[in-house]
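Please examine the sequence and the structure shown below.

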Amino acid sequence: MKPALLVLNLQVPAHLQQMEQTFAAFDVIYAPEADQAEAAIAEHGTRVQCVCTIGATGLSAAQMQRMPKLSLVCAMGAGYENIDVSYAKAHGIAVGNGVGTNDECVADHAMGLLIAAVRGIVKLDKATRAGVWRSAMPLPANVSGKRLGIVGLGTIGAKIAKRAAAFDMPIGYHNRKPKEGVSYVYFDKLLALAAWADVLLVATPGGTGTRHLVDAEVLRALGERGVLVNIARGSVVDTQALADAIRAGQVAGAGLDVYESEPLPPQELIALDSVVLTPHVGGWSPEAVQNSVDRFIANMRNHLDGKPLVSPI
């Protein structure tokens, strides 16, 4: 029987076909739902050689143990927080991701959320449709000149900063350590960055190390005129704390592409008109998704040819 390529994340038919045509020596098994994945591993686990997944879905050590011929796990997109990388590497399984394939798209979306949240665009749209004229509404704030604090100045964070600079936004950031060659203001404490910023934008990886990094204390530091934007992972922000802060007037609003409850909407936030929500589409565009598929194929091809992955973890 053929070796198997197990695909655990959502794909359009054209991209599955691209994988099947590129790797004709493999059976491509598509199992994007948890129950489908369990059934696929139970039936085909002994011949799975490669797995395509995403950070949110991941691949656990227990799952890998049921695939004795597994030699490659790749995440489409930059995130890999739910892949047990330590287990994989300890057992000779190569791990890669799609870093850089959708950065431009995420950065664009982040700026869209930032502008929508600061300017109140969704509220203005609803008011206009209801026949309300501008004289009956408070003045929306400027975006230009606002201080932008970026939590996690990685590749995506840097691209967001580049876009924000065009809006004359002073930029600060918080990382574990300063980045070389970066002129933005570095804050070694997140609380200090939040107190400085008008907009706090989360672009840090997810996982247990950053869970609820943005909590009630950070939101209080951001302040009553502050806006939170999250395009990273929902787990980084304490959803209940954010809802409480907005209701109490401690924070002005938020723009979120990710949240802890996804794919279900965050019930704590959906009634708040100062929160702009999108369904984790920051990295989704025809161009970005095609780039991600192409990167996975390049990683797998290199692996099968005995070459280093294009983007190893």
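Does Y30 count as buried, partly exposed or exposed? Y30 counts as partly exposed because its relative accessibility is 32%; buried means under 20% relative accessible area, exposed over 50%, and partly exposed in between (1.4 Å probe, protein chains only). This is a predicted model, in which local features need pLDDT of at least 70 and side-chain atom pairs count only at pLDDT 80 or more, while totals for chains, interfaces and linings use all residues. Residues are numbered from 1 along each chain as its sequence is written, and side-chain values use heavy atoms, leaving out hydrogens and water.

**Residue Y30**
- Y30 belongs to strand β2, residues 27–30 (strands are DSSP runs of E with at least two residues, and helices are runs of H or I with at least four, numbered from the N terminus).

**Residue H15**
- H15 lies in helix α1, which covers residues 13–22.
- H15 is buried, because its relative accessible area is 9%.
- Apart from neighbours within four places in sequence, H15 is in contact with V289, Q290 and V293 (contact means heavy atoms within 4.5 Å).
- With Q290, the side chain of H15 forms a side-chain polar contact of 3.0 Å (a pair of N or O atoms within 3.5 Å; within protein, one must be able to donate a hydrogen and the other to accept it, and residues adjacent in sequence count only if both atoms are side-chain atoms).

**Strands β6 and β7**
- Strand β6 (residues 148–151) pairs with β7 in the parallel sense over four bridges (two strands pair if DSSP finds at least two bridges between them).
- H174 in β7 is the bridge partner of V151.
- From strand β7 (residues 171–174), I171 and Y173 point one way, G172 and H174 point the other way, and all are buried.
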